[in-house]
Amino acid sequence: RMTSPLPPPQHRFTMAFTFRMAILATIAAAAVGFRAPAMRTRNTLRMAATAEKETIDTEVFTPQDLKLSGTTEQIVKGGRDLYELLPKAFEGIEKIGVIGWGSQAPAQAQNLRDSLAEAGMDVPVKIGLREGSSSWESARSVGFSEEDGTLGEMMETIKESDLVMLLIADAAQAKNYKPILDAMKPGATLGLSHGFLLGYLDSIGEDFRDDINVIAVCPKGMGPSVRRLYEQGKTVNGAGINASFAVHKNPTGRATEIALGWAVALGSPFVFKTTMRDEYKSDIYGERGILLGAVHGIVEALFRRYVREGMTDEEAFLNTAESITGQITKTISVDGILKLYNRFEGDAKAEFQKAYSHAYKPAKDVLQEIYDEVASGNEIRSVIMHGDRFAEFPMGNIGDTHTWKVGQKVRAARDDDKIPLNPFTAGVYVATMMAQIDVLLRAGHSYSEVVNESVIEAVDSLCPYMHAKGVAFMVDNCSTTARLGARKWAPRFDYMIEQQGLVAIDAGEGINKELIDAFENHKVHVAVEACCELRPAVDISVTAESSMIEKDA
């Protein structure tokens, strides 16, 4: 999938020694009856990713080759014209249970219900909830009901469903996976939209049952955007959020078809293949990085800097958060990262280059630490442990702090035509995005996964919501796993950018020509431009009428 230059001899020796030691450790663990930890060297991760993601084996859909930066990957393009294939994809599925009612479940359940109806399929989509859950009324308000058999108790729904879409919170999955798996019918399919549960099982040396399919379909955007783009794209052969899919267990031989049918029914413009382990690593990592945590940290650091330099609070917010969620990410969404860079000329381009030169390495330092923590299982264990402390230490809202209070006033008086395209802010933001990309590429993730997790999800899903409702609103209202991660890592980005990057600039250090050359000639730009051509057919409207129930800012 991806080639790299041969490392120098001393590094090859270290890698070979590390790999041999990993093998010996695995053998030793097996000898005493323990399973080896789910950690691999970066080199073996790269080899595993390459071996497992080459082709899409389907008899229902037609995979297409997508050329990305010197590699060729297979994707399945979506569209409403493919709904006629859903009966074949879902052959043998007589009932679909959607478990939970958080961010993804309302969107996915409604999209799936609408698509199956359009395909002429009489397959009920039933919501399964805990007795006493406050979500029952919300589910009823969008057409699910006990009377028609589309709303019921969670375990009952699991027992009777052929496809169980488990969309409850990550920590709840970890706490309740045993009774959930025990309740499933042999030959049924467990569907996840996040690989977190596999990461947790890896960390405790367990796995899923061998007599059920285990698949993942993971939209590269938050639930509200999955629903809104589906609704808004009905007149243009469908639009939605790109999705990855993975097949972890396939005893029936039909897991791939079911996963692709699910993704197409959600409205995904294109679907790419991954592994469930690669998915949870890239996803948990991404939301702690450029998707949420890094944006929060960047805005805090630059807001203070611009105020110190003489801007008013309102001007500083316009040149940080508003610039990022406005012109910066809108340009990337349509034209790619390099086109944004080439909008700057003269002194403005020099400002971008200076900011990029000194933000890239501090950001990459944090991002590599995040990836290592996720890959080792430490970050997953941290989420579980923090969940156990919620009763005593609940999460507060970041939106009540000074920076974000200023943001509320700025948005209330916003004139989109007057939002600046700040070159220094753009340089810091793009440096962090590129650092995130480089960490994922080094770990062996495919270009389609890297671009979707680091670019498309940011600019086509999260930033439009941040622009409409505020960065703080997004950090305060995303999934529990993402909220915990953003709070944990945003201060690290803030600290590293200010204490290392901005200090170097203030000390008079200039532009790093080698780093800028590497950025200008990076292979990912070709992949980003190719993926931009496959972006949703419509721009998301956060204010348009929708059946998606959302919190107000």
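User: Which residue in β8 is the bridge partner of L192?
Analyst: This is a predicted model, where local features need pLDDT of at least 70, side-chain atom pairs count only at pLDDT 80 or more, and totals for chains, interfaces and linings use all residues. Residues are numbered from 1 along each chain as its sequence is written, and side-chain values use heavy atoms, without hydrogens and water. Strands (E, at least two residues) and helices (H or I, at least four) are DSSP runs, numbered from the N terminus. In β8, L192 has as its bridge partner A216.

User: In which sense do β7 and β8 pair?
Analyst: Two strands pair if DSSP finds at least two bridges between them. Strand β7 (residues 189-192) and β8 have four bridges. The sense of the pairing is parallel.

User: How do β8 and β9 run?
Analyst: Strands of a sheet pair through backbone hydrogen bonds, either parallel or antiparallel. Six bridges join β8 to β9, residues 243-249. V214 stands opposite K249 in β9. The two strands run antiparallel.

User: How many residues of β8 are buried?
Analyst: Buried means under 20% relative accessible area, exposed over 50%, and partly exposed in between (1.4 Å probe, protein chains only). In a regular strand the side chains alternate between the two faces of the sheet. In β8, N213, I215, V217 and P219 point one way and V214, A216 and C218 the other, and all are buried. Out of seven residues in β8 (213-219), the buried count is seven.

User: In the open sheet of 10 strands, which strands stand at the edges?
Analyst: The order is β1-β2-β10-β9-β8-β7-β6-β3-β4-β5, with mixed pairing. An edge strand here has a single partner strand, so one side is left without a neighbour in the sheet. The edge strands are β1 (64-68) and β5 (151-153).

User: Which strands does helix α23 touch?
Analyst: Contact means heavy atoms within 4.5 Å. Helix α23 (residues 524-532) packs on the sheet, at about 140° to the direction of β1. Axes are lines fitted to C-alpha atoms, for helices over the stretch in contact, and angles run from 0 to 180 degrees between N-to-C directions. The strands touched by α23 are β1 and β10 (270-273).

User: Which residue of β5 stands opposite L129?
Analyst: L129 lies in β4 (125-129), where V125, I127 and L129 on one side and K126 and G128 on the other are all buried. Three bridges join β4 to β5, and they run parallel. Opposite L129 stands E153.

User: How many disulfides does a search of the whole structure find?
Analyst: A disulfide is a pair of cysteine sulfur atoms within 2.5 Å. Among the cysteines, C478 counts as buried at 19% relative accessibility. The number of disulfides found is zero.
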